[in-house]
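Subject: Structure handover and findings

Hello,

Here is the structure for you to take over.

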Amino acid sequence: MASTELRYRAREGTCGDPRVAHALERHLDEVVALWERLGADGPSFGQTIDPDPAAARRGYFVPLARMLAAGIGSSREHRATYIDSRLNYLPKGLSGRERAELLARLLDSEASAVAELLAESCPRDVTVAALQELHAPLTRPPAAGDPRLLLIGDCVFNDVRLFLLERVAADTGRALDVDHIFFTAGPSPLQPEELRRVTRSAPPTLIGLSLFSYAGIAAYHAVLAEVGRLGRRELQARVRALAAMVASSIEAIRAVTDATILVHTACSLPVSRRRAQSRFLPAESRARHRLNAAITAAVAEVVAATANTLLVDEQRLIGENGGLKAIAAPILGPEYEAAYAHPAMFGAVLADRYADVLAAYELLGKAKVLLVDFDNTLWSGVMGDGEVVHHRERQRLLRELRQAGVLLVALSKNDPATIRWEELELTPEDFVLQLFNWRPKPDNASAAIAALDLAADAFVLLDDNPVERALVEENVPGVRSLDPGDPASWRWLEQWLELPSTNQTEEARRRTELYREAAHRRQAMGTEHDYERMMSSLQLRAEVRPATARDMSRVLELVQRTNQFNTTTRRRSAAELTELLESDAHEVFVASLADRFGDLGVVAAIILARGAEGEVEAGAEGEVEIDSFIMSCRAMGFGLEQLALAEITARLNAPRYTARFIPTDRNGPAAGLYPANGFTETEPGLWTLQASDRPERPAWFREAAR
């Protein structure tokens, strides 16, 4: 596949007005004096930046004014540094919304004051409009769906955050929420308590982990100090220990979140002043280069063996961007040498890498189905016209995606008889549906949505024809598209393998078969009219039982992925589910389903909690709460939910059961679960079932599935 790394290119900004930029350049001293007068309402928020006011002015206020003038002109680098610098002295503990509200109030007042200063050089309304546009990433409150980034590690993330905040705002219009956990000393670089605190309120979209970009980790610093004296065996032993630190850090992260982790390798930043200025000395010693090359190889092995992780190969990025001296150079120029903010080119390069993964997540993070065109997408040419040149790497990638649980749908204007499957890396069985015909593609896309019974936003179209892509997006709202001629499309599809919406499990590998069986079921059921007779014709078999540790991966998948039949949509991590399985105060049940078309496996999970009077076990006297009822959408419509409630309530034999339903914009199918099975709503969202009203086992179910 194409490289997943990016080559950095400076970008020209589009915000601002040159008249305002020129006016600011002529009035820098007045702007600095204004900020100093504003005190708590200015960029320092009333904090003492430096005991020496002259040092604070020289290191913070004057560079900030220069960044403002350049950023409001055409430089995205200055703009990014300015925006990030305005966040440096914010009061601690603010939520994203509180931060945006505070900055909106202060920056609005400040813009009016700056406009007054520049009035003789630039119209007030022009200045205010330019400042408001520049400050938009700071004043925009977070919205549903905005990405959240957790950065864990050394100081390289200061520059990544700096460039990424502005880049995401400019490219997507979204507000990026960033948390940074630093660690610089101690034998254990990652504290679980801090991880839990940061992830508890808002789960991260993406996580960065960097232990070796700078010499901030004690273990890495110690190896660097003696690398010139280490023999090959000793060096490899130290590298294995450092790689084990990466693996244990990933394990600690996985205990609290399943978000994709970008794992950094190692480089030789910072470059010493002597080496940076010398025309003859290399940027790093040979011993240090050997060490970092060995760390890169070892970390790459850890990432290759770990699901939902992506490698950030710093050695490769450095080579692609002019070498270590070039990438370590300050991006703003020598006039900012005294500034507190002096980002290096490497931060901008890494920000491109992160922005690319965030773009992949935006498009594919919740997708389940890839609608695949064939001609000039999987090969060059038209197969019906003769020989074609196959893009085998593309075909192999789609096969990997299918094995990871992505549903592939053939969506091609073609005669199926002309498809020479024997030439392909893919087989007909890799596709859950094959829609080879000459109908308009929006019609075929709608047919696929109906057949698979999934929301339209779960579908992504891969098609070389821009007209077809536009027609589908415009006429089938929710479906998004990819251009196979754009290298970014294949980078994103490759990264999809490491996003939480894919999974390297047996369940994921069987997903195509299961959905194909579901399509056959709908066809079979469409010929029946009497519901009980229709259900009986399917020869349904089900089993409801307590979950075991062997069920953990499937239960986690249900909890994390299921949106429609999910009574509370509470997302739990693997660690939290393990605690529930081991808890005396909780019980987790699973339900499996099979019929004459095949075995669907475990399709439902029910989490229960004991009441104050008893425990969750047969014969208990206390009340039982149904914490969550989660069922795969492919099991809907068969009465399995009624069977599960009947089996569980009979087994637990509690005097009363309570349950909550928390409505979302997608879990409407679960809204009728409790009222349809004898529960009474005692207050909004709270449902109660007396033992005497327990549901009965549906008659159409046969013996338990095995």
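The notes below go from the whole chain to its sheets and helices.

This is a predicted model, in which local features need pLDDT of at least 70, side-chain atom pairs count only at pLDDT 80 or more, and totals for chains, interfaces and linings use all residues. Residues are numbered from 1 along each chain as its sequence is written, and side-chain values use heavy atoms, with hydrogens and water left out.

**Whole chain**

The chain holds 26 helices and 19 strands. Both are DSSP runs numbered from the N terminus: helices are H or I with at least four residues, strands are E with at least two. Of the 706 residues, 54% are buried. Buried means under 20% relative accessible area, exposed over 50%, and partly exposed in between (1.4 Å probe, protein chains only). Take the contacts with a separation of 6 or more: 75% of them join residues 24 or more positions apart. A contact means heavy atoms within 4.5 Å.

Helix 1 (residues 18–26) packs on helix 2 at about 80°, with the axes 5 Å apart. Axes are lines fitted to C-alpha atoms, for helices over the stretch in contact, and angles run from 0 to 180 degrees between N-to-C directions. The two helices are therefore roughly perpendicular (angles of 65 to 115 degrees; under 35 is roughly parallel, over 145 roughly antiparallel, the rest oblique). Leu24, Glu25 and Arg26 of helix 1 meet Leu28, Glu30 and Val31 of helix 2. By class, that contact has three nonpolar, no polar and three charged residues. Nonpolar covers Ala, Val, Leu, Ile, Met, Phe, Trp, Tyr, Cys and Pro; charged covers Asp, Glu, Lys and Arg; the others, Gly among them, are polar.

Helix 4 (residues 76–85) is mostly covered, with ten of its ten residues buried. Among them are Arg76, Glu77, Arg79 and Asp84. The buried residues pack against helix 2 (28–38), helix 3 (53–71), helix 5 (96–117), helix 6 (124–134), helix 7 (136–139) and helix 8 (156–172).

Strand 4 (residues 260–264) has five of five residues buried, so it is largely enclosed by the rest of the structure. Both of its faces are covered: Thr260, Leu262 and His264 lie on one side, Ile261 and Val263 on the other. Strand 4 pairs in the parallel sense with strand 3 (residues 206–210) over four bridges. Two strands pair if DSSP finds at least two bridges between them. Gly208 stands opposite Leu262. Strand 4 also pairs in the parallel sense with strand 5 (residues 309–312), over four bridges. There, His264 stands opposite Val312.

Six bridges join strand 9 (residues 407–413) to strand 10. Leu411 has Leu435 of strand 10 as its bridge partner.

Strand 15 (residues 598–610) has eleven of its 13 residues buried, so it is largely enclosed by the rest of the structure. Strand 14 (residues 586–595) runs antiparallel to strand 15, joined by ten bridges. A hairpin links the two through two residues. Val590 stands opposite Ala605. On to strand 16 (residues 624–631): strand 15 pairs with it in the antiparallel sense over seven bridges. Ala609 stands opposite Glu625, and Ala604 opposite Met631.

Best wishes
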